[in-house]
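Thanks for coming. I will show one structure and walk through a few of its local features.

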Amino acid sequence: MNLAKVEKSTWIYLAISLLLVIVPFIVTGRSMQFIIIQFFIFAIFAMSYDILLGYTGIISFGHVMFFGIGAYSTAIVMNRFDSTILSFILAIIIAIILAAIVSLIVGMLTLRLKSHFYAMLTLALAGLFLVGAEKWRSLTGGNDGFTFSLPEILRDSQSLYMLCLLSLVLIFFGLRRLTKSPFGRVLMAIRENEKRTESLGYKIVHYKVIASVVAGVVASFAGVLYSISLRFVNTSVFATDMTIDVLLMTIIGGVGTLIGPIIGAGLVEFAHHWLSSLADVHWIFERWIILYGIVYILVVIFFPLGIVGTIQKKFFNRQNYQKKKQQNPRRKLDEGRKEDEDELYRNG
Amino acid sequence: MSSLLRLNQVEAFIQKFHILHDISFEVPKGEVTVLLGRNGAGKTTTLRTIMGLNKVSKGSINFQGEEIGNLLTHRIANKGIGFVPEEQGIFGELTVGENMRVAMKKEDEQTTKRMEWVLDLFPDLKKFWKKPGGALSGGQKQMLAIARAYVNENELLLIDEPSKGLAPIIVDKVTESIQQMKEQTTILLVEQNFLMASKIGKKFYIIDDGRTVHSGQMDELKEDKVLMKKYLGIS
Amino acid sequence: MDLISTLVINGLATGMLIFLLAAGLTLIFGLMSVLNFAHGGLFIWGAYTGVWSYQLSGSFIIGIIVAIVTGLLLGLITEKLIIRPVYGNHIQQILITLGFMLVLQEFIKVVFGPNQIAVSPPAFLQGSFYVGDVIFIKYRLFIIILGLLVYFVSMFILKRTRIGLIVRAGVMNKEMVQSLGINIRLVFMLVFMVGAALAALSGMLHAPYSGVIYAEMGLEFSILAFIVVVIGGMGSFSGSLFAAILVGIAQAFMAYYVPALSLAVNMLLMTVVLIFRPQGLFKAKG
Amino acid sequence: ACSDSDSTSGDSEDNTSSSNESEEATAETGETIKIGVLASLTGALESYGDQTKKGFELGIEYATDGTMEVAGKKIEYIFKDTETDPTVARQAAISLLEDEEVDFLVGSSSSGDTLAVTPLAEEYEKIIVVEPAAADSITGSEYNDYVFRTARNSSQDAFAAAAAVAGEGVKIATLAPDYSFGHDGAKAFISAAESLGAELVHEEYADQAATDFTANIQKIIEKKPDYLYVVWAGANTPWNQIVDMKVEDHGIKVTTGVADIATLPTMTALTGMEGFTLYYHTLPDNEVNDWLVEQHKSKYDGAVPDLFTAGGMSAALAIVEALKQTDGDTNTDTLIETMEGMSFETPKGTMTFREEDHQALQEMYSVTLEESDEFDYPVPVLKRALTPEETAPPIMNQ
Amino acid sequence: MEAILETKDLSIAFGGHVAVNGVSVKITEKKFTSIIGPNGAGKTTFFNLLSGQLTPTHGTIYFKGRDITKLSTTNRTRLGIGRSFQITNVFPNLTVHENVRLAVQSQANVRYQMLAHFNHYKQFKEKANELLELVFLDDKANSLAVNLAHGEKRKLEIAMLLALETEILLLDEPTAGMSLEEVPAIIDVIKKIKGQEDRTIVLIEHKMDMILGMSDEVLVLFHGELIAQGTPEEMIENETVQSAYLGGQYDEQLT
Ligand SMILES: Nc1ncnc2c1ncn2[C@@H]1O[C@H](COP(=O)(O)OP(=O)(O)OP(=O)(O)O)[C@@H](O)[C@H]1O
Ligand SMILES: Nc1ncnc2c1ncn2[C@@H]1O[C@H](COP(=O)(O)OP(=O)(O)OP(=O)(O)O)[C@@H](O)[C@H]1O
Ligand SMILES: [Mg+2]
Ligand SMILES: [Mg+2]
């Protein structure tokens with residue numbers, strides 16, 4: 001690989017990753033580490049959602065089913081087998097294979113539907129998984145759930161931190177490459193205009209199914225990490241609330257940006273923690289959920305594109321503006337006017 | 001003849017961009033007045049501004065002696081101004097009939113009569129009465145858009161490029177219908193089809209870069225090759 | 001036979017309750033294409049304010065009126081503050097209405113306290129009677145009647161007046177509708193308010209039916225309402241009625257014959273409907 | 001107002017003074033015992049969390065005679081909100097164990113939250129006193145040595161119910177929500193009732209979110225049992241419909257557990273019913289309860305303590321009693337040894353932690369729901385106190 | 001001459017309405033065929049049938065003698081049938097360059113490559129730039145497609161179509177709504193392609209001067225039926241065409 005060709009942003013992301021490696025040596029409190037670990041896990045989950053929502057334009061209300069599959073696979077395997085690294089690897093493999101199979105079937109069954117309907121259908125399917133987990137009590141322990149043990153190394157907060165960070169970084173770069181690959185570009189085209197993509201000679205259902213399998217597998221992996229971070233699982237891993245949370249993280253961060261969902265996950269995790277810990281400052285913080293709700297409302301009104309989306313748009317505009325100034329020799333209308341016009345179209 | 005509509009030094013913005021700089025013209029009652037100008041000159045924006053779909057930032061728009069410059073769109077429409085927009089504005093999921101029903105302000109005898117007249121003019125619409133507007137062919141949509149404006153009793157009609165995408169024979173029909181229509185209603189027309197415009201228009205204004213730069217009688221313009229080249233790109 | 005009649009009647013009542021909630025959603029989601037997740041919030045506010053005034057005044061009718069007024073007012077506020085900036089953008093609608101849902105739900109606890117509140121039907125609707133071996137619960141009959149009333153009134157307004165068309169047209173092209181001389185903002189606001197009032201009304205009616213109200217019930221029921229609207233075909237009132245009754249009766253029968261599946265029956269119904277008839281039962285192919 | 005994570009020994013007026021005293025005492029020994037309490041202070045189970053919190057505070061006050069000290073050590077307690085979310089519960093528990101270095105955990109309002117936390121007790125080798133989560137598995141299949149439970153478990157409820165109604169040849173049916181809580185409860189009831197000679201004619205499980213129970217009730221009516229035992233928790237109650245379906249007219253007696261005060265109004269229709277409860281403020285006649293009722297009333301605008309107020313208090317009493325016996329020693333092994341088999345006085349009478357599974361055995365009360373002059377809803381009236389032995393659940397952690 | 005595309009008794013009905021009715025035509029390879037007909041005659045629908053957007057109620061379509069009636073849009077595009085749309089139909093929030101690049105990528109058969117960066121394929125970039133130059137859009141390469149003026153979007157459509165390098169180009173009113181001064185540019189582009197003599201072009205237009213100037217053959221659709229077929233000159237003289245389509249206008253238009 002030619003180093004000079006690597007994008008500048010890659011270096012920035014790598015530098016941030018390195019910083020994050022140092023964090024657990026500074027923040028040694030395990031409870032803070034736990035919050036950061038949750039942030040990593042939900043960042044992975046949110047990125048997987050972004051592949052669907054942001055890059056392919058699919059709204060799913062049932063994404064949590066893959067997360068749950070990952071969580072339960074791990075918990076059940078670790079509960080039934082010895083708590084060794086080997087069974088952990090087995091758990092991951094099972095989680096991924098199951099998620100891939102389920103997302104493939106779900107995708108092939110449902111991705112031909114129009115957006116609303118697809119969303120509702122996935123909601124229903126995730127609901128069925130939830131019911132399944134509640135009813136199949138011999139396997140899942142019902143809604144109370146069950147605990148399980150882990151090999152020593154995974155119980156250690158620092159090594160768990162590193163594992164989650166490493167997963168996050170690898171998955172981030174992996175997905176980023178995916179979105180910038182020719183395949184990823186077609187996904188974006190599908191998001192923009194399905195029919196047109198089809199008439200360019202792409203089979204959109206294939207793309208959607210592949211995208212949903214990728215998203216499903218990544219979500220399942222997030223579920224694996226989630227259950228080992230809790231060493232416990234119950235039916236809440238299939239709850240619609242979880243989909244809603246991850247949806248909000250993605251939107252707040254900015255859909256279709258990949259880094260946005262990570263930031264969104266961080267914000268939601270920390271805001272949640274922070275707001276609920278302010279309870280003795282003022283009674284309103286006891287009802288922190290109200291503030292939480294207000295934050296969502298304000299984000300939509302003031303940052304409709306999400307945080308990263310808004311920043312990118314500003315940046316993109318400026319960049320383009322400068323480019324315009326240099327080029328464009330044949331121009332019929334007078335300069336100033338045209339400038340306005342371009343600007344104006346972009347905002348329109 | 002008194003003028004029904006008078007624009008005086010109208011300026012308008014779209015978001016923060018100055019699109020109309022100085023538009024001034026008069027539409028005399030009972031005539032067809034034509035706005036001409038090249039692509040992007042501001043013709044559509046002018047019509048939209050009259051309709052209240054764009055804000056007037058300066059200047060005045062006077063309709064029947066009354067300032068309508070900053071009224072809300074539906075108020076303006078209810079003063080008796082009909083509008084056929086450039087992009088047709090068909091309600092795709094409503095049937096042709098429902099499109100017409102949304103447009104009809106009253107259901108009295110007059111309106112029924114007018115409806116019959118319109119359907120005679122465009123029999124295709126009658127044929128596809130129950131078809132969703134979105135499933136119409138390009139030209140049929142254009143007819144529907146015109147029909148919706150014809151069905152109400154209006155003082156003034158603003159029509160933006162009615163001939164776009166129409167078969168020559170339909171263009172004839174539309175031309176003829178406008179000629180019939182102008183007996184009762186004043187018309188302000190934007191048209192790229194010069195042939196059609198010159199047939200029905202009496203007075204014209206040329207808009208360039210958001211300014212009314214020239215005006216005159218349509219008959220004279222036909223002869224004035226220089227002017228046509230300069231503002232309309234026709235040689 | 002008696003068993004079946006009992007199941008059908010009770011399923012019907014459940015269905016009507018779902019319909020009342022779905023009716024508001026059909027207006028808002030089906031006609032205006034607004035994904036309003038705060039619908040459940042309007043539902044609980046209707047229930048709480050209605051029950052509060054019902055218990056204070058002792059009059060059930062006053063309770064219903066207060067619920068409706070609450071619905072109208074909240075609808076007004078919701079439309080102006082929350083929905084207006086996001087017409088036409090589903091993703092933003094989801095986020096903003098979910099946020100508002102959280103606010104509405106949590107605010108209930110601030111105003112009315114966190115405990116559940118027990119509600120019983122007014123005296124004249126209490127109890128049940130037998131006709132042959134079939135049991136009729138008075139309050140349920142009342143709900144069935146009220147549901148039908150709402151259905152016919154709404155159908156009349158939508159079919160006999162232009163309003164339904166105008167709303168749908170307004171969603172497709174707001175400017176054009178305005179250019180036709182219609183104050184679409186006002187129309188949208190009114191429709192939204194009516195939808196909200198229906199939600200609030202159904203909350204109030206639901207209270208004596210389930211015997212108790214609690215802040216979290218909003219979201220649960222609004223998901224059910226969404227399902228019903230989808231099964232019926234978005235924007236179709238008759239579709240919603242049919243789907244709601246279908247779900248109600250299916251639940252009753254499932255609870256009797258295959259209890260394990262009764263929780264899943266609405267999901268299963270929707271899955272089947274969407275796979276075989278994606279546009280919903282009562283809608284022509286779009 | 002209640003607030004989470006307030007590190008309290010001076011949360012309210014009257015123990016501010018006591019904590020001032022204790023500060024001096026602390027200065028002498030220089031040691032504090034910290035207790036972390038996990039409860040649902042917001043979210044769906046918020047009212048339970050609130051009860052636990054109030055009860056716990058009063059419990060410490062009572063056990064230390066207002067000194068907030070035991071064996072010369074100051075007691076400090078910290079509440080954390082679990083939001084009824086296992087992730088948050090675990091995070092809160094870690095923060096209590098790590099950042100606050102608590103000596104005990106208490107909690108939590110939901111069984112799921114509790115199960116997410118009990119492994120941490122084992123890992124950090126700290127005792128967790130489970131209150132008020134009721135799932136059998138906490139002291140059963142998911143048991144570890146650090147778990148002690150002052151709350152009753154589902155089986156105890158069932159045994160109490162069985163003791164109240166079952167007998168030779170009595171036909172019974174059950175109606176329960178279709179999830180772990182319901183299944184645990186129904187199963188335990190059935191085995192307890194059968195051991196008393198009753199005959200099970202039907203087991204019915206209804207969707208936990210159901211609002212229409214007519215089909216379920218219809219089925220039960222058809223099976224003609226003598227008693228219908230209903231296990232129910234959650235806001236959607238079947239009571240009205242049971243009455244509307246005229247179950248009693250078919251000669252079926254309904255029985256159930258009476259839960260917290262907020263649910264009593266929903267049971268108006270069941271007035272006259274025989275059932276059981278684990279606490280109602282008028283029921284247990286003992287010194288501790290008298291104190292609790294009086295203090296609670298004076299502190300909270302005349303409101304009486306509820307189900308889990310007594311529970312929260314019991315948890316506090318258990319901890320203080322253990323500390324008294326170890327003379328303030330917080331060594332976990334010593335504590336476990338002490339607490340196994342330990343008896344302590346609570347508002348619900350004498351409780352004893354069973355050695356095998358650390359489940360506290362406790363009195364339960366067989367009651368009748370009767371109209372009251374004071375309230376517009378029925379209240380439980382004591383028929384008979386069931387001894388701890390009578391309601392002792394099977395040991396399930398082997 | 002070879003018929004590259006042939007339809008036999010092609011029909012489609014929407015509900016009761018037959019939009020295309022028993023049309024049998026042969027479209028000759030490397031020639032320029034125009035389709036005219038009144039509004040609603042079924043021209044666009046006919047295109048939709050050829051390109052696979054719609055499936056006929058009956059009848060067959062042959063491409064180079066092979067029956068393609070049941071093939072999907074995608075597969076037909078891959079075989080070599082490309083089309084532009086009457087309503088502008090591009091990817092609004094992607095850049096102009098990206099719009100074209102996607103078409104180039106499809107043509108080059110790079111579809112499921114997930115691991116390489118798209119910039120890795122330099123040739124696509126260059127090809128896209130060439131095409132943009134061809135349609136005079138090179139200076140807009142980095143604007144988002146939404147921001148283009150109407151006429152520019154039409155040009156972009158054509159560039160995307162060309163990128164597919166299909167043997168057949170189906171053009172549906174490429175100049176509709178374009179101002180008088182922009183039309184010649186589009187005509188130039190089409191003429192240029194025609195000049196290369198390696199494509200079969202089928203054009204729907206209402207502008208008679210365009211039809212007359214470029215067509216080798218003209219098909220006339222009326223009420224879904226093919227009522228006439230011949231050279232442009234023959235068609236202009238055809239009485240049915242005059243009365244059903246041109247009306248009185250055509251002679252004026254020609255002057
Ligand atoms: N929504 C919009 N956003 C940004 N700019 C716009 C918008 N609408 C119009 N413009 C700009 O305003 C100017 C005037 O446009 P207008 O549509 O009025 O022109 P026109 O004379 O009707 O042209 P045409 O003949 O193409 O219809 C154009 O330069 C166009 O770029
Ligand atoms: N999806 C559809 N559903 C129902 N009817 C349709 C559909 N598409 C087209 N039609 C009908 O088929 C007929 C032919 O339409 P088409 O669009 O092919 O006409 P056209 O010849 O392209 O006309 P124009 O020149 O106006 O574009 C019209 O009457 C139209 O209403
Ligand atoms: Mg225009
Ligand atoms: Mg067409």
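I start with T44(B), which is buried at 19% relative accessibility; buried means under 20% relative accessible area, exposed over 50%, and partly exposed in between, with a 1.4 Å probe and protein chains only. This is a predicted model, in which local features need pLDDT of at least 70 and side-chain atom pairs count only at pLDDT 80 or more, while totals for chains, interfaces and linings use all residues. Residues are numbered from 1 along each chain as its sequence is written, chains are lettered from A and ligands numbered from 1 in the order in which they are written, and side-chain values use heavy atoms, with hydrogens and water left out.

T44(B) matters here as a ligand contact: the protein donors of the magnesium ion, ligand 3, are T44(B) through OG1 and E86(B) through OE, at 1.7 to 2.6 Å. Donors are N, O and S atoms within 2.8 Å of the metal, or 3.2 Å for Na, K and Ca; water is not among the atoms, so sites may look incomplete. Helices (H or I, at least four residues) and strands (E, at least two) are DSSP runs, numbered from the N terminus. E86(B) is partly exposed, at 26%.

Next, helix 4 of chain D, residues 111-124. Its 14 residues should span 20 Å at 1.5 Å a residue, and the end C-alpha atoms are 20 Å apart, which agrees; the expected span is 1.5 Å times one less than the number of residues. After the helix comes E125(D), with a positive phi near 55°.

What does N216(D) touch? N216(D) sits in helix 7 (residues 214-223) of chain D and is buried, at 2%. Leaving out residues up to four places away in sequence, N216(D) touches A255(C), L175(D), E204(D), Y205(D) and A206(D), where contact means heavy atoms within 4.5 Å.

Finally, the chains. Seven pairs are in contact, and chains A and E share the most contacts. Chains B and D have none, their closest C-alpha atoms lying 38 Å apart.
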